Amino acid sequence: MKICKNGVTHNLLRIVFNLHNNDPETPPPQHTPYLIGVGRADCTGPPADVPMMGYANPQQTAAGIHTRLYSRAFIVDDGKRRVVFVTADIGMVSQRLRLEVLQALQVKYGDLYQQDNVVLSGTHTHCGPGGYFQYTLFMITSGYMKAAIEPLVNGIVKSIDIAHNNMKPGRIYRNRGELDDSSLNRSPHSYLNNPEEERRRYKWNTDKQVLVLKFTDQDGDGIGMISWFAVHAVSMNYTNRMVSSDNMGYASYLLEQDKNPGGLPGQGSFVAGFSSSNLGDVTPNTRGPYCVNTGLPCDYLNSSCPIGGTKMCQAFGPGEDMFESTRIIGHNVYLKAKELYANAVEEVTGFIHHAHQWVNMTDVTVQINETHTVRITCKPALGHSFAAGTIDGGGDLNFTQGAVEGDPFWDGIRDALLGQPSNQTKECHHPKPILLSTGEMNWPLPWHPQIVDVQMITIGSVAVVAVPGEMTTMSGRRLREAVKEELESEGTLKDMEVVIAGLSNVYTHYITTYEEYQVQRYEGASTIYGPHTLSAYLQKYRGLARAIAQDRVSELPAGPQPPFFTENLFNFVPLALFDRKPENMSFGDVLEEVYPVYRQGDVVTVTFVAGNPRNSGDIRDKTFVTVEIFDNRTETWEVVHNDASWETRFHWLKGSNWQSNATVEWQIPPTALAGSYRIKHFGHYKELKGLQPVITPYEGSSDVFTVTASFYYE
């Protein structure tokens, strides 16, 4: 069944509901299906030169593709209301990205999809292109680039389009379980500062639960799944320069390959979204931190090493390198989600609700008595320990985690370049020693957001709380508990499953508990609205939950709209200049050829004369690489892998004098068929003809090589 733009089918469903019920407000019978749509679209941006978003490491600019990035959309409609949940393979959803997506949806669909009923969440991969921010701090590290934000906007909107056009009656089931050996608390010292009585209620210092929503059609055939698990997508570390969806993306890849057999990545109708949650203090690097230069343990309190400081204190594992670690963690998450999906029998039924407000997070007040309120939040600021980084990627300078006093040297440099924090801001953020008073810095644009989204959607007995940042384990537990209590307070909603969707709608760094904030490790130093940030969010989300429980969402004030800046946006990314090639060679020519014979498990490598991948423009739904097998029956070449495949790696190397190479690796899987293969590379080069830049496509192919189970023939 197709939902038309004019909502004809939507209205038909509502009429059907009303035929079942004389009173339209009477809950529908348990067997009434939802309308469900799922969609997936490529949202991979420029894989060359653009800074990656996550580690804020200026050396980490994109130079190839490990795996492609996808947006996955899920639409659910109960005949009265409709909600959209999107999980995208990006570091986080920025305010600018959300606003541009909502504008595009408004043009296409009018008021059907708005800020109230659309949740956009990032998986938190740290290996996707940046360039989609409008606040100065983020533009310094990754910029604002049309070439980077447009693939994200268009990919997210396309995934929603596909879900919208595929809507049909279906059912939803929920299931939850626990996943061990895939996460570790990276700030246990902060966690231990939470009240002992509270900590005793929990077995672990990270949340091990995996929540799965299973979507089926009327016949019970699976059409999609969303899974939430709290772990950072940082199995790929800051030395990686290939665009990668990291561990969560690999989990999606595996389940979608399972459910869409025979297709290339990104193909097939089944959509598997693996979403982020309260992952603020949770690392996938389960072997923990040690000093890489000595092999000795790091200092427990400040995660630094006697020689080399925080940069030398790094967490690794569980694999021998970042690729194996990504594979292991992704596979673990996939296996647990697959198991929960297969055994999901508890049907989700009931009405849909959505609630949203914009909040000025610098001015949240609480009522202390009948006549007085007090402001509990601060103008944004980052502490000294923000610059220390974490065990997943330490800072380059001599900052350490756990700093509750400033450093005269760095404070002096800051004062000279950027100005001193005001006394009011210093007092508000105490005990945080302020490194950057971003809320008092507005040139050329504000350095941090003041207006943020708080949002919640409920689908029957499941509540998804869209959080604009990275909540720590205990912060998330407190929020889930508060929301559940409010939702069930009126008695109409029962047995609610509350899940946090992290990195949603706008990025505001971290959200620790008040107690964790006092320790001022990285997460506390990055809690930008002060020590009572969590209390402010608890109050706001309680308000949303209460409005849903009382069916009074329409009475919620919308709040102050966020800005949409049109001037002074900037980036430091150099222009993609003209491409040159070696004399007497062409783009696509092979520089290093393949061997004639390989076995399963070997790695095939071939290097081509290449152009800058940025000159390929919008690369969505295209590929720089194919691995092809010769079909003897049809005498044609068939594509078995592309640059979205886990088995391929596309490395771009910028050389001198505007020349560059592309090296393609194919890790031959054990399941590869014996036969004749070739590897092809596709790209574009830019040259000057007359005074005009001209972009020309090219392709190149390796020699044909053989894959065999053995080098020896009987």
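Is Cys428 buried or partly exposed? In this predicted model, Cys428 is partly exposed, with a relative accessible area of 24%, whereas its disulfide partner, Cys378, counts as buried at 1% relative accessibility. The count comes to 3 disulfides, and with bonded cysteines counted along the chain they follow the pattern 1-3, 2-4, 5-6.

**Cys291 and Cys305**
- The sulfur atoms of Cys291 and Cys305 lie 2.2 Å apart in a disulfide, and the torsion about the S-S bond is about -105 degrees, so this link is left-handed.
- Because Cys291 sits in strand E14 (residues 288-291) and Cys305 in the loop between E14 and helix H8 (309-312), the pair ties together parts that are 14 residues apart in sequence.
- Cys291 is buried at a relative accessible area of 1%, and Cys305 is buried at 6%.

**Cys298 and Cys313**
- Cys298 is joined to Cys313 by a disulfide with an S to S distance of 2.2 Å, and the link is right-handed, with 110 degrees about the S-S bond.
- Cys298 belongs to the loop between E14 and H8 and Cys313 to strand E15 (residues 313-316), so parts 15 residues apart in sequence are tied together.
- Both Cys298 and Cys313 are buried.

**Cys378 and Cys428**
- The disulfide from Cys378 to Cys428 has an S to S distance of 2.0 Å and is left-handed, with -90 degrees about the S-S bond.
- Cys378 lies in the loop between strands E19 (373-375) and E20 (382-383) and Cys428 in helix H11 (residues 423-429), so the pair ties together parts that are 50 residues apart in sequence.

**Cys43 and Cys127**
- The closest cysteine sulfur to that of Cys43 is in Cys127, 14 Å away, which is too far for a bond.
- Cys43 is buried, with a relative accessible area of 1%, and Cys127 is buried at 0%.

Definitions and conventions
Residues numbered from 1 in each chain as written. Predicted model: local features only at pLDDT ≥ 70, side-chain atom pairs only at ≥ 80, totals over all residues. Heavy atoms only, no water. Disulfide = S-S within 2.5 Å. Helix = DSSP H or I, 4+ residues; strand = E, 2+ residues; numbered from the N terminus. Buried < 20%, exposed > 50% of the residue type's maximum accessible area, 1.4 Å probe, protein only.
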